[in-house]
Amino acid sequence: MRTRTMLLLGSAALALLAGTVRAGQYVDWNADGTATLKLGPEYDNARITVPQSMLGSAFGPGKQPFKGVTISVTVNGAGPKGGISGPLYSFRPIWEEISGGKVNIVELPFAEHYTKMMLDLRNGTGQYDAFMVGAFWYGDIVPAGYGYQIDELMKSGKYPQWSYDVMPPSLKTLHQWEGKSYGVLNDADGQVLYYRKSALENPEHRAAFKAQFGYDLPSPPATWQQLLDVSKYFNGKNWDKNDADPDSGTVLHLKVGEQGHYHFQSLSASFVINPGDKVTRTQNVYWFDPADMKPLINSPGHVKALEFLQELHKTGPAAQVGWSLGEAWDYFLRGKAVFVFSWGDVGALCQDKARSKIQGDCAAAMLPSSDEYWDFAKQSWVKLGKPRQVGNTTGGSWHGVISNYSANPEATYSFLSLMAIPPVSKLMAMYGWDGVDPGFSYQFLKEDGGTASLDEYVKAGWDPNDAKTYTRAYKDLFYAPTTLTYLRIPGTFEYWDILDKNLSAAMSGAKSAKQALDDTAAAWQGVTNRIGRDKQLADYRAAIGYKE
Amino acid sequence: MAEPARRGASLADGLASLAAVCVAFVFLFPIYWAFSQSLRNPLDTFTVAGFGIPWVNFTPTLANWIDQVGTPETLRSLTNSTIVSIGAAALALLLGTPAAYAVARFRFARWKNRDITIWFLSQRVLPPVATVVPFYLVMRALGLLDTHLALILVNATFVMPFVVVILRQTFLDLPLELEEAALVDGASHWGAFWRVALPLAAPTLAATGLIVFAFTWNEFLFAVALSSRNAITVPVHIAGAVDTRGVQFWFMGVRAMTAIVPPVLIALLAQRYIVRGLTLGAVKG
Amino acid sequence: MRWTGRIRFLFLAPAVLWVLAFTIFPLGYSLYLAFFKVEQKVEIKRVQQPVLDEQGRPVLEDGQPKMRNVVLRENVTTATFIGLDNFRRLLADPQVRDAVRVTLVFLLLAVPSELLLGFLLALLFNRQIMGRGVLRAVMILPIFATPLAVGYVFFTIFYEVGGPLAWTGIPWLSNPTWALVSVALVDIWQWTPFCFLVILAALQGVPDDLYEAARIDGASNWDLLTKVLVPLLTPTFVIVLLIRLAEALKLFDIPFAMTGGGPGTATQPYSMLAFRTGLRFFDLGYASAMAYGLLAVVMVVITVFFRRMRESYG
């Protein structure tokens with residue numbers, strides 16, 4: 001009996017061995033021309049099998065193309081199990097095994113990352129090979145020549161294979177500059193609407209709402225104006241039984257210096273952006289007039305949007321003026337608000353029992369849009385019969401950009417692109433802890449034109465209903481016919497800081513909406529003049545794709 | 001030690017004791033609160049009632065401590081901070097104490113004593129942002145980026161004023177007769193300093209050492225600019241508890257506690273010296 | 001009264017030379033940035049060079065010479081003298097005025113409170129009370145608490161929708177005025193112990209005979225306080241005040257963590273504005289001008305102050 005078992009085990013082992021050409025701790029090279037990447041418990045020990053060609057011709061059994069090479073990558077510090085930094089730790093051993101190289105992951109405090117990068121670049125220190133940047137940093141990196149162009153590396157076929165084709169156009173532009181490529185695919189950020197479906201579809205509330213407002217409670221609201229009504233209705237009532245205190249309508253993260261201004265950006269987009277096929281002086285512009293760099297930020301569309309946001313703020317806790325992401329999301333995840341519009345992290349956090357009480361009741365939808373917008377050409381308001389969809393890519397969309405000082409761009413690129421190949425990227429988007437949010441075609445569900453299946457999301461811990469609305473919301477967001485323009489010119493930090501401070505003053509009642517935005521526009525003129533008007537105009541046009 | 005004598009002492013003292021306890025409670029509360037935060041699940045960060053007493057107001061968990069305390073960054077930042085703080089304090093005391101003695105005891109006609117003291121004090125007035133970039137360039141030129149030495153050198157420079165200003169007053173308050181007696185007996189000025197004045201000033205010296213240790217321990221700006229991986233200090237590590245998703249208060253609680261513990265331990269050990277030593281104008285006998 | 005003798009230079013020189021050596025370049029450089037418009041760029045050129053072995057021959061890999069990347073950098077710096085432009089901008093900038101206002105209000109709220117509270121606590125503790133040692137030990141803790149962490153911890157204490165102070169109904173952090181008060185409260189929490197300890201030590205150095213002599217002369221408690229203790233403690237008060245002022249002018253960590261400078265700019269002190277200008281927007285010349293503007297004003301104040309306090313600082 002025992003000899004038979006031994007023989008069986010022995011032959012099974014032989015069979016296994018015959019199937020693999022070279023078995024490593026993190027990567028198996030298989031005889032059938034595939035390779036299996038072995039991930040750790042943070043990804044549920046997933047095994048990803050890919051054709052060896054997908055890893056590029058430089059890699060293969062027995063090949064160590066970057067033996068002895070050490071590269072450093074900077075990233076927002078969040079630890080080996082935190083957002084954006086976590087995946088670097090997870091994939092480091094895999095890359096080190098197939099390349100022979102070493103990766104130093106340099107975690108920097110989130111608020112200081114940009115500063116340290118700029119110190120390194122501007123002074124020619126060149127201590128780091130790559131930075132996991134936010135898209136709004138491009139204006140300070142690329143025009144000055146500090147970024148390394150990756151087109152040649154992508155085409156060479158030597159390194160892990162991925163393509164910009166899986167990206168919606170709105171996201172693709174964030175990785176390129178004037179047609180040249182700099183960013184390696186990673187994360188996709190944008191704000192969608194999250195709502196408590198159970199509250200919106202509760203028959204008692206539906207009846208009471210109709211009685212009060214005269215129309216059926218939309219679930220989810222299609223226009224901002226509808227959302228305001230619904231928010232007003234729910235504010236102050238104890239409609240959620242997770243605790244005994246009254247709840248709110250909409251919660252916002254408005255704290256100064258902490259990504260609060262993105263709320264205004266996403267919301268005002270549909271009040272401001274005039275639709276069109278191209279970027280012209282009046283169409284698809286939001287920040288400045290591309291003819292003369294005059295700020296548009298205090299246009300009637302912007303002002304009305306800010307006044308609207310002030311109204312919306314009243315349907316949430318007053319304290320949110322000082323709340324950053326953590327506190328605002330915590331409020332929503334504890335069930336105390338009907339709406340929040342924010343990033344993909346919310347949907348993922350909803351599924352985490354340690355952070356959320358509302359798993360399964362955390363639906364997502366494309367952001368509502370305004371039922372009217374300011375037409376720049378006609379200089380008048382245009383009322384819409386049907387709501388239109390205006391998307392956004394607000395946020396960082398954190399991804400790797402190689403420093404032009406790097407002595408090892410090939411090695412660096414191969415590490416970054418390892419995390420960009422479709423099966424890897426798809427897996428990363430399904431796990432919320434890693435901070436990588438979906439935006440690419442294989443991450444959307446088949447019924448929405450993608451290639452992912454609902455089961456894969458459920459296996460990663462998602463409630464199926466939440467996952468369905470989540471992925472559809474992001475697909476709608478990123479593929480919307482009109483999108484908020486993203487600002488990527490030198491000094492974006494300063495422009496946004498001025499906007500942020502004035503927005504906060506408006507939200508806390510220190511300034512009126514018009515005053516706040518007029519002050520912003522005036523200050524922006526000063527910044528533009530100081531940096532150099534002509535240069536800014538040229539960079540702005542390049543960033544938004546405007547051709548005269 | 002002089003104590004004002006009072007009639008009806010016990011009632012007044014009793015009330016004073018009560019008041020003192022209340023005061024101590026108020027000052028202890030935020031530290032206790034950080035401790036309470038470190039024991040909470042994320043969902044309990046903002047929802048705990050009353051005084052956040054573990055088991056009474058919420059169910060505590062050790063998960064945050066387990067997660068954070070063993071990480072290489074925690075240990076590295078604590079080690080680095082200890083090395084840098086002790087190094088800077090030692091250097092500042094070494095160079096600053098003789099300087100304080102000089103300004104207290106000797107006459108500088110060309111640059112007046114008062115002006116020298118003010119010059120030292122002025123080093124602490126300039127906002128650090130002005131000098132961060134040049135210091136970065138200097139350290140880069142010396143190849144000292146991301147090293148302990150860089151932080152020790154910079155911090156020693158900027159805490160030296162404390163040593164000079166505080167110890168100057170201490171030396172001024174020592175009775176001149178003792179040193180003069182030593183000089184008459186044939187000692188050099190250095191001998192008078194080393195064998196008479198310094199021992200008498202020792203408690204204040206220790207106290208000042210602790211103060212400059214604390215200031216270096218809490219220094220954030222130069223630490224973040226000059227370090228990236230190897231030389232990160234505790235304040236930089238604390239800032240790392242804030243990530244793209246906001247402040248992780250449960251980790252912040254743990255890091256805040258680990259930030260307080262080493263200096264407080266040292267302080268408690270040397271507590272007697274602090275209390276007796278922080279005398280800046282009236283130690284007599 | 002004071003000694004002369006060449007050795008005095010040996011006592012003083014190490015500290016002075018050290019500080020000069022380490023600050024002369026940074027101060028000079030930042031001053032230069034304040035008076036010149038400096039534009040700095042690095043021109044990067046990348047070339048491929050063959051890898052050579054010890055004898056200088058190219059190393060071969062698969063028959064081809066092994067190449068490596070070499071990054072050539074050229075620092076291109078243009079500096080134009082702009083004189084007092086940055087300082088003129090400083091005087092006209094509404095953001096600067098706002099930051100100055102915030103800093104001054106904060107100073108007036110926090111520093112006198114710390115001194116007064118420290119003094120009162122010192123008087124209170126200057127008795128035989130139970131557990132005095134332990135209580136004093138507790139009072140040391142806030143000094144060693146890292147300000148950044150303190151800011152975040154107080155954020156949760158001031159949380160308005162259910163935190164430990166929410167029962168007051170006060171909008172601690174969401175109202176511009178209250179936010180500045182909150183920042184001051186945190187600073188008072190952190191620095192009163194320092195004032196307390198210093199003043200207490202000085203108090204305990206007051207000899208008994210002084211009290212007895214005053215009593216014999218018929219002094220009341222109030223007279224004792226105002227005519228004996230306060231004059232005796234004035235040098236101590238001065239030192240504590242100076243130290244607190246110098247540090248309070250650089251207030252940064254607490255508002256940075258707790259409010260981000262907000263709402264709006266209600267809690268953005270001068271140092272934070274300078275920080276943002278220099279290290280986020282990299283407008284280093286203007287940030288230097290801000291720093292030197294502050295230094296100049298403070299030095300003038302200190303010098304004038306000391307002309308009048310000749311006794312304490314002769």
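Predicted model: local features only at pLDDT ≥ 70, side-chain atom pairs only at ≥ 80, totals over all residues.

Reply: Between them, domain 1 of chain C and domain 2 of chain C bury about 570 Å², and carbon and sulfur atoms account for 63% of it. On the domain 1 side, 61% of the buried area comes from Ser30(C), Leu33(C) and Ala34(C), more than from any other three residues. The contact joins 6 residues of domain 1 of chain C to 7 residues of domain 2 of chain C. The touching side of domain 1 of chain C holds 5 nonpolar residues, 1 polar residue and no charged ones.

About 9,900 Å² is buried between chain C and chain B, 77% of it on carbon and sulfur atoms. Trp3(C), Phe11(C) and Phe144(C) provide 10% of what chain C buries there, more than any other three residues. This contact involves 101 residues of chain C and 114 residues of chain B.

Across the interface of chain C and chain B there is 1 salt bridge; Glu247(C) and Arg124(B) form a salt bridge through their side chains, at 2.7 Å from N to O. Polar contacts between these chains number 12 residue pairs. Helix H1 of chain C, residues 7-35, gives the most to the side of chain C that touches chain B, namely 18 residues. By class, that side has 71 nonpolar, 18 polar and 12 charged residues.

How values were computed:
Residues numbered from 1 in each chain as written. Chains lettered and ligands numbered in written order. Heavy atoms only, no water. Contact = heavy atoms within 4.5 Å. Buried area = accessible area lost by both parts, 1.4 Å probe. Nonpolar A, V, L, I, M, F, W, Y, C, P; charged D, E, K, R; others polar. Salt bridge = Lys/Arg side-chain N within 4 Å of Asp/Glu carboxyl O. Polar contact = N/O pair within 3.5 Å; in protein donor to acceptor, adjacent residues only side chain to side chain. Helix = DSSP H or I, 4+ residues; strand = E, 2+ residues; numbered from the N terminus.
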